[in-house]
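Thanks for coming, everyone. I have one structure to walk you through today. Please take a look at it before I start.

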Amino acid sequence: MMGAVWSLLGILSGAFIAIQAPINSQLARGLGLPVAAAAFSFLSGAIVLGIIAVAVVRLQGISLDWKAPAPWLFIAGGMLGGFYVTLSTILTPRIGAAALMAFLVAGQLIAGMLVDRFGFLGVAVREISLGRVAGAVLLLAGALLIRLF
C-alpha cells in the first residue's frame, strides 16, 4: 500500500516540476530577466521550507547537527537547483514544457546511471548494463521525437 502512495507522490512531484517551469518562465517575462525569476522562485521556496523545518524541529523536539555535513554540501544542492530552475525558465518558452520535461528525464537517467556506476556520495554501486544503456538511448530518442515532431 505504501509503495503505491510513494509512487503517486513521485508522479505528483514530477507534475509540479512540469508546472513550475512555465510559471517561472512567465515570471521571467514579467521581470525581464530569467535569473531574477529563478532567484525569486528559490527565495519563496526557501522561506516556505524554512518555516516547515522550524515547525518540524519544534514538533519533534529534535536539533539539527550543523557540523555533521561537509561544508560544500550546504551549497552544492542549491547551486545545482539554481542552474536547473534558471535553465528551465529559459528553455520552456523556446522548446516547450513537454520537450523540456523529456530532456530533463533523459538527463536525470544518464546522470543517475553514472552516479550508480561510480557510487557517488555513498550510493550503492550498480553496473551499467546493456539494458540500462538501451533504456537511456530509447528515452533520449523519445525526447528527440517529442522535441522535433
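I will go from the overall fold to one helix, then to its charged pairs and a surface patch.

First, the ground rules. This is a predicted model, where local features need pLDDT of at least 70, side-chain atom pairs count only at pLDDT 80 or more, and totals for chains, interfaces and linings use all residues. Residues are numbered from 1 along each chain as its sequence is written, and side-chain values use heavy atoms, with hydrogens and water left out.

Now the overall picture. The protein has 5 helices and 0 strands. Helices here are DSSP runs of H or I, at least four residues long, strands are runs of E, at least two, and both are numbered from the N terminus. So the order of elements is simply α-α-α-α-α. The C-alpha trace spans about 50 × 45 × 35 Å along its principal axes.

How much of the protein is buried? Of its 149 residues, 17% are buried. Buried means under 20% relative accessible area, exposed means over 50%, and partly exposed is in between, with a 1.4 Å probe and protein chains only. The accessible surface comes to about 10,500 Å². Carbon and sulfur atoms hold 77% of that surface. Those areas come from the Shrake-Rupley method with a 1.4 Å probe, and for residues only the protein chains shown count as cover.

Next, contacts. A contact means heavy atoms within 4.5 Å. Take the contacts with a separation of 6 or more: 59% of them join residues 24 or more positions apart.

What does the record say? UniProt, in an unreviewed entry, places "transmembrane region" at residues 36-59, 71-91, 97-118 and 130-148. Its positions are given in the numbering used here, feature names are shortened, and annotations may be inferred rather than shown by experiment. Check two of those spans against the model. Residues 36-59 are 100% helix and 0% strand, with end C-alpha atoms 34 Å apart. Residues 97-118 are also 100% helix and 0% strand, and their end C-alpha atoms lie 31 Å apart.

The buried residues of α4 are Ala99, Leu100, Met101, Ala102, Ala106, Met113 and Asp116. Their cover includes α1 (2-31), α3 (73-95) and α5.

Stay with Asp116, a residue of helix α4. Asp116 counts as buried because its relative accessibility is 16%. Leaving out residues up to four places away in sequence, Asp116 touches Val123, Ala124, Val125, Arg126 and Arg132.

Arg132 is its salt-bridge partner, at 3.3 Å, N to O. Arg132 lies in helix α5 and Asp116 in helix α4, so the pair ties together parts 16 residues apart in sequence. A salt bridge is a side-chain nitrogen of Lys or Arg within 4 Å of a carboxyl oxygen of Asp or Glu. Arg132 is partly exposed, at 29% relative accessible area.

How many salt bridges are there in the whole structure? The search finds 2. The other one joins the side chains of Glu127 and Arg117, at 3.5 Å, N to O. Glu127 sits in the loop between α4 and α5, and Arg117 in helix α4, 10 residues away. Arg117 counts as partly exposed, at 32% relative accessibility.

Now the backbone after α4. Most residues other than glycine have a negative phi. Just after α4, Gly119 takes a positive phi of about 65 degrees. Leu121 is not a glycine, yet has a positive phi of about 55 degrees. Leu121 is in the loop between α4 and α5. At 56% relative accessibility, Leu121 counts as exposed.

Last, the surface. A nonpolar patch of about 1,100 Å² includes Ile110, Leu114, Phe118, Val133 and Leu140. Patches take residues with over 30% relative accessible area and no salt bridge, joining like charges within 9 Å and nonpolar side chains (Val, Leu, Ile, Met, Phe, Trp, Tyr) within 5 Å. Which helix gives the most? That is α5, with 6 residues. Ile110 comes from helix α4, and counts as partly exposed at 38% relative accessibility.
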